[in-house]
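Here is a short briefing on a protein model. Look over the chains before reading the points.

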Amino acid sequence: MENTVIREGMATVKPTRQAAIHASGLRKSFKDSAVLDGVDLDVDTGTMLALLGPNGAGKTTTVRILSTLLPFDGGEATISGYDVACEPDEVRRVMGITGQYATVDEVLTGRENLVMIGRLYHLGKAAARARADTLLHQFDLVDAADRAVRTYSGGMRRRLDLAASLIADPPVIFLDEPTTGLDPRSRQAMWDVIRGLVASGTTILLTTQYLEEADQLADRVAVIDHGRIIADGTAAELKQRVGTERLELSFEHTADLAAARTALGVEDLHVDEEALRLSTAVGGPDEVRDVLNALGQVPVRATDLQLSRPTLDDVFFDLTGQARPDGDGTRTTARAVATEGADAA
Amino acid sequence: MNATLIHHDTHDTRPENARAGSRPGTGARWLASDALVLITRGLRHTLRSPDSMITSVALPIMLMLMFVYVFGGAIEGGIEHVAPVAYVDYVVPGVILLTAGFGAAITAINVTNDMSTGVIDRFRSLPIGNWIVVLGHVVASLARNLFATALVVGVALLIGFRPTASVLEWAAAIGAITLFVLMMTWVSVLFGLIAKTPDGASGFTFFVLFLPYVSSAFVPPETMPSVLHGFAEHQPVTPIIETVRGLLTGTPIGNSAWLAIAWCVGILVLVMPISGRLFRRRTTS
């Protein structure tokens, strides 16, 4: 107990840039397949890192390990200086986690859930009740407070779940895909809450599949793929690496596509011969004009023209250096993700 | 040490009670407090699902009425040579055990519910011993089933059950029933941990419901065909029923009491560590 006081006191008086969440060389295998293959992470106190990656990249596994829910095979991790492997109880006292699936008791009411969890954090009875009241208010759940959670909508459950992880006001919060499956309005509400947390100085590790979400909320973004961090930087840095907007052109005949390809002659050209489409990065209106001018020099007819912003897919193809797979499926998915993000914003 | 001083100087905007309250987490006092919170949760679950409470009380009462009024007349004559008592006095101890066993089995569904939804992750992320979650279910089951048993005994008294027990014998009978409920509850916890879905877990409750039929609950095993007779004489429910029956109505107990205790304690000693290990495995992967 004395120790804790010293730690907290020192940290405030002498503000070092000590990482609130630290992981190095984190490894985890399920049976024979490696899910985490040496994950390194550092989240400075009071900042927010978005862990961006597709399904199965290792996002949830990372969060579950850091929040003591899952044992790991190798590497080391500390939360607020406490060792995840050796001091799980200390770690549990300084962090809260909101998972992808709401982890609240469906039979109890929203208020009963919060008071129960407050009591289990050893707040006094009155303190737990007061804290529950505050959080119900803050998360716009006052009207539903005394209804059983099983009657809640998905967005309400998610908000209650987040409220539950904030009961003891932990300095570190893990948010595992907090907006996946939410409608745009609920997503927006969740974003507002998360922004509020960052503003109050909470350290947050958020996982997401949406570039837009990482962009909107986080100070820094780490991209995870196949259990490894493949990029780490601010959202702006990341986007710069991916390139800016892309201009996409569709054609009716193979000859047109070939002619357009020759006319443009730039290096960064994605050609989809089956779908008769090509796309190229454009840095702004001027470059769009340049591309169209170049096309104007030859007798080709484009049937469709589209300007698209970088998608999560673009990030991945760029960062992993993989060739962009051809075919409609991928592009459709990419656009769907981008559209979803745009709707929410 | 001036560490405390430094701490006071900090401009900590977080609620002081939250910070101070969340620090000490171990010790017997907090253990008891945590257990109380989770037992309250278990009891709330019981009160919020009146249908399961009605099932676990109404079903045994209906069975009791059926056996006493529908089959009772015929059975009474048929078992007179081995059990020369009023059939209502013979059957009530059996029904009590059926009530307690069936009610305890519902614990399996509660445990599976916790394990298959995310709620167990919430408890695991708290600085508490995880097994207290199970303890909450176990104690709630004890309270629930002793209450259900009391209701069944109340109805039995109304339809002519005339126990001859002294206060001491009542106390011993309640003790035996409590031990039985505890044993059945822990077996249910094990089944709840094994089952993947609440539906699967509810299958276990049916198995438990039928166990008393092949015991001395409704008819003396002596009247059964030899194969069933052998099973009925040597399954755990029979000595427990014989003990409770003896305590309440004065029939000979013989070595049933020791057998009952041996069965219950033996099963508990076997099942509790297995459940503990299974719980740990299910909560760390």
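What percentage of the 285 residues of chain B count as buried? The share is 52%. This is a predicted model.

**Fold of chain B**
- Chain B has twelve helices and zero strands.
- Among contacts in chain B with a separation of 6 or more, 79% come from residues 24 or more positions apart.

**Second largest pocket**
- The volume of the second largest pocket is about 570 Å³.
- Its lining comprises 28 residues.
- Nearest the centre lie A:Val107, B:Ser49, B:Ile109, B:Asn110 and B:Asn113.
- Four elements of chain B give two or more residues to this lining: α3 (28–48), α4 (50–79), α5 (87–116) and α9 (198–210).
- The top contributor is α5(B), with six residues.
- By residue class, the lining of the second largest pocket holds nine nonpolar, eleven polar and eight charged residues.

**Largest cavity**
- The largest cavity holds about 40 Å³ of space.
- Its lining is formed by B:Leu97, B:Leu98, B:Gly101, B:Phe102, B:Phe180, B:Met184, B:Val208, B:Leu211, B:Pro212 and B:Val237.
- Both α5 and α8 (167–194) of chain B supply at least two residues of this lining.
- α5(B) provides the largest share, four residues.
- The lining of the largest cavity divides into nine nonpolar residues, one polar and no charged.

**Cysteines**
- A search of the whole structure, over all chains, turns up zero disulfides.
- A:Cys86 has a relative accessible area of 63%, so it counts as exposed, the cut-off being over 50%.
- B:Cys264 has 1% relative accessibility, so it counts as buried, the cut-off being under 20%.

- A:Asp105 sits in the loop between β6 (95–98) and α4 (110–120) of chain A.
- Is A:Asp105 buried or exposed? A:Asp105 is buried, because its relative accessible area of 3% is under 20%.
- The side chains of A:Asp105 and B:Arg41 are joined by a polar contact of 2.5 Å.
- Setting aside neighbours within four places in sequence, A:Asp105 contacts A:Asn113 and A:Val149 in chain A.

**A:Ala231 in strand β10**
- A:Ala231 belongs to strand β10 of chain A, residues 228–233.
- With a relative accessible area of 5%, which is under 20%, A:Ala231 is therefore buried.
- Which distance separates the C-alpha atoms of A:Ala231 and A:Leu319? The separation is 7.2 Å, although the two residues are 88 residues apart along the chain.

Notes
Residues are numbered from 1 along each chain as its sequence is written. Chains are lettered from A and ligands numbered from 1 in the order in which they are written. This is a predicted model: local features need pLDDT of at least 70, side-chain atom pairs count only at pLDDT 80 or more; totals for chains, interfaces and linings use all residues. Side-chain values use heavy atoms; hydrogens and water are left out. On a 1 Å grid over the protein atoms alone, a cavity is a set of points where a 1.4 Å probe fits but cannot get out, and a pocket is an open set with protein on both sides within 12 Å along at least five of seven lines; lining residues have an atom within 4 Å of a point. Grid points are joined across faces, edges and corners, and a volume is the space filled by probe spheres set on the points. Ala, Val, Leu, Ile, Met, Phe, Trp, Tyr, Cys and Pro count as nonpolar, Asp, Glu, Lys and Arg as charged, and the others, Gly among them, as polar. A disulfide is a pair of cysteine sulfur atoms within 2.5 Å. Buried means under 20% relative accessible area, exposed over 50%, partly exposed in between (1.4 Å probe, protein chains only). A polar contact is a pair of N or O atoms within 3.5 Å; within protein, one must be able to donate a hydrogen and the other to accept it, and residues adjacent in sequence count only if both atoms are side-chain atoms. Contact means heavy atoms within 4.5 Å.
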